[in-house]
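Subject: Structure for your review

Hello,

Here is the structure, with the sequence alongside. My notes on what was found follow below it.

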Amino acid sequence: MRGPFPLKFFHRGLCSIPTGLNHLLNASIQTRSLKLATQIHTQIITNNYTFLPFLFNNLINFYAKCGCLNQALLLFSITHHRFKTIVTWTSLVAHLSRFNMPLQALSFFNQMRGFGLYPNQFTFSAGLSASAATMMILHGQQLHSLIHKHGFDGNVFVGSALVDMYAKCADMLSAEKVFGQMPERNIVSWNSMSVGFLHNNFYDRAVEVLKDVLREKTVIPDEVSVTSALSACANMGASDSGRQVHGVVVKYGLVPLTTVKNSLMDMYFKCRIFDEGVKMFQCVGDTDVVTWNVLVMGCVQNDKFEEACNHFWVMRREGILPDEASFSSVLHSSGSLAALHQGTAIHDQIIKLGYVKNMRVLGPLITMYAKCGSLVDAYRVFEGNVDHNVISWTAMISAYQLHGCANQVIELFEQMLSKGIQPSHVTFVCVLSACSHTGRVEEGLAYFHSMKKIYDIDPGPEHYACMVDLLGRAGQLYEANRFIESMPMKPTPSVLGALLGACRKYGDLKMGREVAERLFQMEPHNPGNYVLLSNMYTRNGRLEEANDVRRLMGVNRIRKEPGCSWIDVKNMTFVFTSHDRSHSSTGEIYKMLEKMEKLMKKKGYVAETELVTNGLDENEERGLWYHSEKLALAFGLLTLSSDSPIRIKKNLRTCDHCHTVMKLASKIFDREIIIRDINRFHQFADGFCSCRDYW
């Protein structure tokens, strides 16, 4: 109904009166009617009213608000400077800042001063916003000096903008100093401090700001106050503080606000109080895509991947259009489930809604296909896009690394560098891991040293873990140990775990025992460390000491997670555990296992019975044949067509015996077998594995 309203004035002859034209212009700003605004602009020119500041300012404001910033700049440039007031300059500086053109905004600020105009509190606020956007504190400090010179230090509006500028430039000490010197503070000032602490990862201080606000009698917390505090609690996992903030939300009647409800949901999900988060969602009246995104991401954060996928499809049925965040979360879920049929259905939605070239969706889409075992589809998605950033390059590099294609990892990494793309710390984790799994010690060392020297990336614990793994796999245990001792930080469990795995591989019991004892102190409830040490004792014939380690696990109430494998057949998931006899086709499955064993023994295979360390009293070889992934393989051979790959997922690292059996089965039955264990993919074909037995 707003559209026709201004047109009535054209018939009343008000188009020739400046105030009438100004009224029409204000109405067109509300409706964002560019066509109507150009008609009014024509009338202003026809009647020679361009010299009137209030009409000129309104025109620039309108064009900028309609997204036609170039039109606003053109109008500004062709108008004589004597018609430009402080309001005109301030408006343009503010709009340039909002359009993410902070350097141009500051340039106009300086030009204004060159024409002898003095900035007011609104001009300074717009300039500080632009300074904050540059992330270069020098610009803000120069403005701060001008603010002091012109006597605006005590202005609450300017003071709040100063606090915000320093916070966004990561200088919280200066932000606190300005805040402490403010003679007057409003809720915006307090919120600037709270948000500043939040964005600079001082989460406890952000919550303290809300407590200070509650002690003040002159201010009342608003939605920014509580949402920043809730985000801080979420990032700390501080559920008790989060519940207290929830009480503040109720007390001040902020519950109906959608942003507050979303923040409450997010806080409960990140604090692992999943049911409370779901209750908050159910209390929300009208849900938008942001609310649904918080719910789906909450499921992901709590490892409820099936529920995340289900909620995504419920959202679609309710007519809510997903955005890039929706797709990113649900692709992560389907990848974590290794549910290829689910992932392809989501891919269809991405194509349908036009997100296929969205850079924030492209990386997760590549990763989803890789985690579902379809490296071909992952590369097809990657190759189908011309433009790539570091995220999509890293996603494809990671996909190759996950599937044990180390040569392709190095090749693609070098290709990325040739395109001028700066690698991230995640990219280097993939590259160093690839070097580790192919024994490229010299190349790995060169890449590691290039991180700081060439790309100014400080190696983190994950990079050191890759390097220890690289040296350890190559049998250079003492070099790996010296590498750990040279670390600028304390070694993490992943670093020591890599060395322990190498000690097991090369039978260095002395070093392995020392490393294991350090790990027992660091993570006393991780069963993997105990199992590795126990296996090392067993392989060295020291059964009593192996039993001692097992008894220590019992004393500490540590249980090894039982192995299980699952396989999808006709969109149904079938789960198997070791020695499983619960399946309706158990008889056929075990007959297939016997057939596999006979065929493999004809090929000359002899089981490595020393790999069995679970205390079986008799028939150790039989125990090896009943591992969960072999049961899943037998079921796949029985139920899947001969041209379909057999895709099996395992919750633990697959053992050496199963690895060998899979290689032989791929040759004997002429089948492609893809195993995804907790660490990586193994693609078996024609008697070979993609890892080349270096895993």
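The model is a predicted one: local features need pLDDT of at least 70 and side-chain atom pairs count only at pLDDT 80 or more, while totals for chains, interfaces and linings use all residues. Residues are numbered from 1 along each chain as its sequence is written, and side-chain values use heavy atoms, with hydrogens and water left out.

Strands around β3

β3 and strand β4 (residues 673-676) pair in the parallel sense over four bridges. On its antiparallel side of the bookkeeping, β3 pairs with strand β1 (residues 564-569) over three bridges, and there Ile567 stands opposite Ile648 in β3. Two strands pair if DSSP finds at least two bridges between them. Strands (E, at least two residues) and helices (H or I, at least four) are DSSP runs, numbered from the N terminus.

β3, helix α37 (residues 656-668) and β4 make a right-handed β-α-β unit. Right-handed means that, with the strands pointing away from the viewer, the path from the first strand over the helix to the second runs clockwise. Four of the five residues of β3 are buried (under 20% relative accessible area; over 50% is exposed and in between is partly exposed, with a 1.4 Å probe and protein chains only).

Second largest pocket

β3 (646-650) also supplies at least two residues of the lining of the second largest pocket, as do α22 (359-371) and α24 (390-402). The largest share, seven residues, comes from α24. The lining has 23 residues in total, and Ser336, Thr367, Lys371, Leu402 and Arg676 lie nearest the centre of the pocket. By class there are 10 nonpolar, seven polar and six charged residues (Ala, Val, Leu, Ile, Met, Phe, Trp, Tyr, Cys and Pro count as nonpolar, Asp, Glu, Lys and Arg as charged, and the others, Gly among them, as polar).

The space in this pocket is about 440 Å³, where a volume is the space filled by probe spheres set on grid points joined across faces, edges and corners. The grid is 1 Å over the protein atoms alone, with a 1.4 Å probe; a pocket is an open set of points with protein on both sides within 12 Å along at least five of seven lines, and lining residues have an atom within 4 Å of a point.

Aromatic pairs

A search of the whole structure finds 25 aromatic pairs. Rings of Phe, Tyr and Trp (its six-membered ring) pair if their centres lie within 6.5 Å; planes under 30 degrees apart count as stacked, over 60 as edge-to-face and the rest as tilted.

One of the pairs is Phe109 with Phe124, tilted, at 6.0 Å centre to centre and 50° between the planes. Phe109 lies in helix α7 (residues 102-114) and Phe124 in helix α8 (residues 121-134), so the pair ties together parts 15 residues apart in sequence. Phe109 is buried at a relative accessible area of 1%, and Phe124 is buried at 0%.

Phe448 and Phe483 form an edge-to-face pair, 5.4 Å centre to centre with 65° between the planes. This pair links helix α27 (residues 441-453), which holds Phe448, to helix α29 (residues 477-485), which holds Phe483, 35 residues apart. Phe448 counts as buried at 7% relative accessibility, and Phe483 at 13%.

Ring pairs also link Phe312, Trp313, Phe327 and Tyr355 into a cluster.

Regards
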